[in-house]
Each structure stands twice: as structure tokens, then as C-alpha cells.
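Reader: I am new to this structure. Please take one part of it and show me closely how its pieces meet.

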Amino acid sequence: AADHLRDDREIVTAAVKFDGLALEFASSALRADRDVVLVAVRQHGCALEFASEALRAEREIVREAVNRTPKAITFALGGLQDDEDMLEFVREGGVGYKTGAGDVAPATLR
């Protein structure tokens, strides 16, 4: 894609909403944009592979990715691949996990 399109937040967000794996073609700045990455991993968990290293190590981002596509755990960083809570979440298929506040995740994530 043309460089100006790869850095256009509105265009990239629309693209990853349709196909999360389109994150691969986003600029590095947008691959590090938490909101854009969340949209991408909620559409296809394996979009985590194309997120910035910092976001690949962020628990909430990884949970969202794994909730959509359990094998996305392979793209997690920061020790999350070996984190017992995260591994249990993967084994459970990612549904109905507890949030940090102890509430059950929204129905859209089940």
C-alpha cells in the first residue's frame, strides 16, 4: 500500500475491521496504536503477530487476541506465553474470562 495510506488511521482501522491480518501492512506507528491493534485482534487473533512488541507483551491485548484465536498465544511476548493465568485462559478457549476487577467479561467476548 502507498505509504500515506499505511499511516492513515481511519483507512487502517477500516481495513483491520474487515480483516485483522491487514495490520501487517500498517505503518509501525499504527501497529503500536492500542486502539487500532485491539480492532485488529478482535477481528483475527493472529493479527497480534503484526502488533508492536510493546503491545504483544500487554496482557489485555493478548487476551483479546487469544479470545478470538487461541493459537495467537504464540505471538505473545513479555513472558505471557509462559504465564499460568494466560495458559489457563488458552486452555479454556478464552471464553468468559475474569477481568482484573473480578467481573465476567462482556457477552461479546464469550
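Author: A residue is buried when its relative accessible area is under 20%, exposed when over 50%, and partly exposed in between, with a 1.4 Å probe and protein chains only. By that rule, 40% of the chain's 110 residues are buried. This is a predicted model, in which local features need pLDDT of at least 70, side-chain atom pairs count only at pLDDT 80 or more, and totals for chains, interfaces and linings use all residues. Residues are numbered from 1 along each chain as its sequence is written, and side-chain values use heavy atoms, leaving out hydrogens and water.

The chain has seven helices and zero strands. Here helices (H or I, at least four residues) and strands (E, at least two) are DSSP runs, numbered from the N terminus.

Now the close look: α2 and α4. Helix α2 spans residues 9-18, and helix α4 spans residues 34-43. Their axes come within 7 Å and cross at roughly 15°. Axes are lines fitted to C-alpha atoms, for helices over the stretch in contact, and angles run from 0 to 180 degrees between N-to-C directions. Angles under 35 degrees count as roughly parallel, over 145 as roughly antiparallel, 65 to 115 as roughly perpendicular and the rest as oblique. So α2 and α4 are roughly parallel to each other.

Which residues meet? From α2 come Arg 9, Val 12, Thr 13, Val 16, Lys 17 and Phe 18. From α4 come Asp 35, Val 36, Val 39, Ala 40 and Gln 43. Contact means heavy atoms within 4.5 Å.
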